[in-house]
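Q: I would like to learn how to read a structure like this one, feature by feature. Where do we start?

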Amino acid sequence: SHRLKTVHVYESSNLSSRTVTKRIECKIYGRVQMVMYRDFAARRARALGVVGEVRNEDDGTVSLVAEGEEDRLNLLVVELRKGPLLSPKRKLPTCIF
């Protein structure tokens, strides 16, 4: 199974546009390599207008750093919990930020 762990959360605001940008740093554990998880996460983030980076790590995990509006990040976390179709297990614990 997969486990999603939030490592850090940062917040900044833009007074001119009144938007708050949040940043999450996550590490996803389980069978997440060789199942297109990195590509899946990048495509979902782009579709939601979230920017950042996702990469395969040497320890078999996938790490993700994402910035955007809180509601968009929440939607991304929902998608990360579902995982790609090729992933045999899609259950992830709660991601708190």
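A: Start with burial: buried means under 20% relative accessible area, exposed over 50%, and partly exposed in between (1.4 Å probe, protein chains only). Of the chain's 97 residues, 34% count as buried. Two notes on conventions follow. Residues are numbered from 1 along each chain as its sequence is written, and side-chain values use heavy atoms, leaving out hydrogens and water. This is a predicted model, in which local features need pLDDT of at least 70 and side-chain atom pairs count only at pLDDT 80 or more, while totals for chains, interfaces and linings use all residues.

Q: In what order do the elements of the chain run?

A: Helices (H or I, at least four residues) and strands (E, at least two) are DSSP runs, numbered from the N terminus. This chain has two helices and four strands. From the N terminus on, their order is β-β-α-β-β-α.

Q: What share of the contacts joins residues 24 or more positions apart?

A: Take the contacts in the chain with a separation of 6 or more. Residues 24 or more positions apart account for 60% of them.

Q: Which residues of the largest nonpolar core touch the most other members?

A: The general idea first. In soluble globular proteins, nonpolar side chains tend to be buried together. A nonpolar core is a set of buried Ala, Val, Leu, Ile, Met, Phe, Trp, Tyr and Cys residues joined through side-chain atoms within 4.5 Å. Here the largest core has 19 residues, and I24, Y37, V50, L64, A66 and L76 touch the most other members. Strand 2, helix 1 (37-48), strand 4 and helix 2 (70-82) each supply at least two residues of this core. Its largest share, five residues, comes from helix 1.

Q: Now charges. How many salt bridges does a search of the whole structure find?

A: A salt bridge is a side-chain nitrogen of Lys or Arg within 4 Å of a carboxyl oxygen of Asp or Glu. The search finds nine. One of them joins R55 and E53, at 3.1 Å from N to O. R55 is partly exposed at 40% relative accessibility, and E53 is partly exposed at 43%. Other salt bridges share partners and join R23, E25 and E67 into one network.

Q: Is E25 buried or exposed?

A: E25 counts as buried, because its relative accessibility is 16%. E25 lies in strand 2. Its salt-bridge partner R23 sits 3.0 Å away, N to O. R23 counts as partly exposed, at 27%. The E25 and R23 side chains also make a polar contact at 3.0 Å. A polar contact is a pair of N or O atoms within 3.5 Å; within protein, one must be able to donate a hydrogen and the other to accept it, and residues adjacent in sequence count only if both atoms are side-chain atoms.

Q: Which distant parts of the chain does the D59 and K27 pair link?

A: D59 forms a salt bridge with K27, with the closest N and O atoms 3.6 Å apart. The pair links the loop between strand 3 (51-56) and strand 4 (62-69), which holds D59, to strand 2 (residues 19-29), which holds K27. D59 is exposed at 51%, whereas K27 is partly exposed at 23%.

Q: Which side chain does D59 meet in a polar contact?

A: That of T61, at 2.6 Å. T61 is in the loop between strand 3 and strand 4. T61 counts as buried, because its relative accessibility is 4%. Leaving aside residues up to four places away in sequence, T61 touches K27, I28, Y29, V32, Q33, R55 and N56.

Methods
Contact means heavy atoms within 4.5 Å.
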